[in-house]
Amino acid sequence: MDNVIGAYARETEGLSIKDLILAKDKCIEEGYYLRHMPIKEEQPVEYQIFYGKLLQIAVNAKELIRYVAGSVAVKEAGECLAGIYSPEGHAAVLSTGVLLHVWSMTEVVRFMAFNDYEQNPGIKDGDVFFNNDPHCGGQHAQDQFIVSPIFYEGRIVAWVGGMSHEMETGATGPGGYDPKAVNRYYEGLLMAPTKIGTNNILHNDFRITVEHGTRDATIW
């Protein structure tokens with residue numbers, strides 16, 4: 001497995017996330033995603049075992065989201081999702097859950113790449129990014145996403161992400177939906193992709209922003 005990851009690293013030498021996305025988009029336009037998958041072709045059993053492990057990680061993550069959630073919609077209805085994504089942000093492995101949001105986390109990654117987040121605020125190992133702005137991924141402010149990059153030997157090789165439907169966003173009315181909302185500005189606190197953690201530790205300013213922007217931050 002290390003040899004294959006090493007080959008990928010060599011092929012993408014010096015490319016930014018934006019460059020990776022543009023190259024992959026060109027492949028898709030030409031009618032293919034990957035021409036060759038060496039492990040799948042040469043070691044089919046090992047490939048399936050590896051894929052099975054990744055799938056179990058995603059499923060376990062989704063169940064963990066449910067167990068720790070303050071949102072009733074997540075805990076009781078299972079309105080959440082976890083996944084592992086390619087460096088370009090495409091879904092590689094997904095848990096069960098709200099599959100409507102397969103592309104939403106892809107949009108979050110693409111938004112960050114095309115708005116030069118690699119330069120400012122930077123995308124590094126251990127960073128944590130949050131989004132609930134539907135312009136950048138998702139359907140409304142209650143759809144909230146956390147994504148983190150995965151690095152190998154200094155190069156980004158994947159993203160991991162989680163989505164949950166939260167029940168309080170500081171909207172004009174409380175709850176997971178506000179029937180009085182006639183546009184997105186009625187839906188409460190909106191945050192475009194924002195770095196909320198470093199070295200896998202959440203920033204205090206994010207916690208304070210949520211506490212001051214909602215009726216009850218415990219169900220955010």
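These questions and answers look at aromatic rings and their neighbours in a predicted model. Local features need pLDDT of at least 70, side-chain atom pairs count only at pLDDT 80 or more, and totals for chains, interfaces and linings use all residues. Residues are numbered from 1 along each chain as its sequence is written, and side-chain values use heavy atoms, leaving out hydrogens and water.

Q: How many aromatic pairs are there?
A: Rings of Phe, Tyr and Trp (its six-membered ring) pair if their centres lie within 6.5 Å. Planes under 30 degrees apart count as stacked, over 60 as edge-to-face and the rest as tilted. By this rule, the count of aromatic pairs is 4.

Q: Which kind of pair do F111 and Y117 form?
A: Their ring centres lie 6.3 Å apart. Their planes stand at 70 degrees, so the pair is edge-to-face.

Q: Is Y117 buried or exposed?
A: Buried means under 20% relative accessible area, exposed over 50%, partly exposed in between (1.4 Å probe, protein chains only). Y117 has 11% relative accessibility, so Y117 counts as buried.

Q: Which kind of pair do F130 and W220 form?
A: Both F130 and W220 are buried. Their ring centres are 5.7 Å apart. Their planes meet at 25 degrees, so the pair is stacked.

Q: Which residue has its charged end over the ring of Y32?
A: A charge sits over a ring if NZ of Lys or CZ of Arg is within 6 Å of the ring centre and within 35 degrees of the ring normal. Here the charged end lies 3.7 Å from the centre of the Y32 ring, and it belongs to R35.
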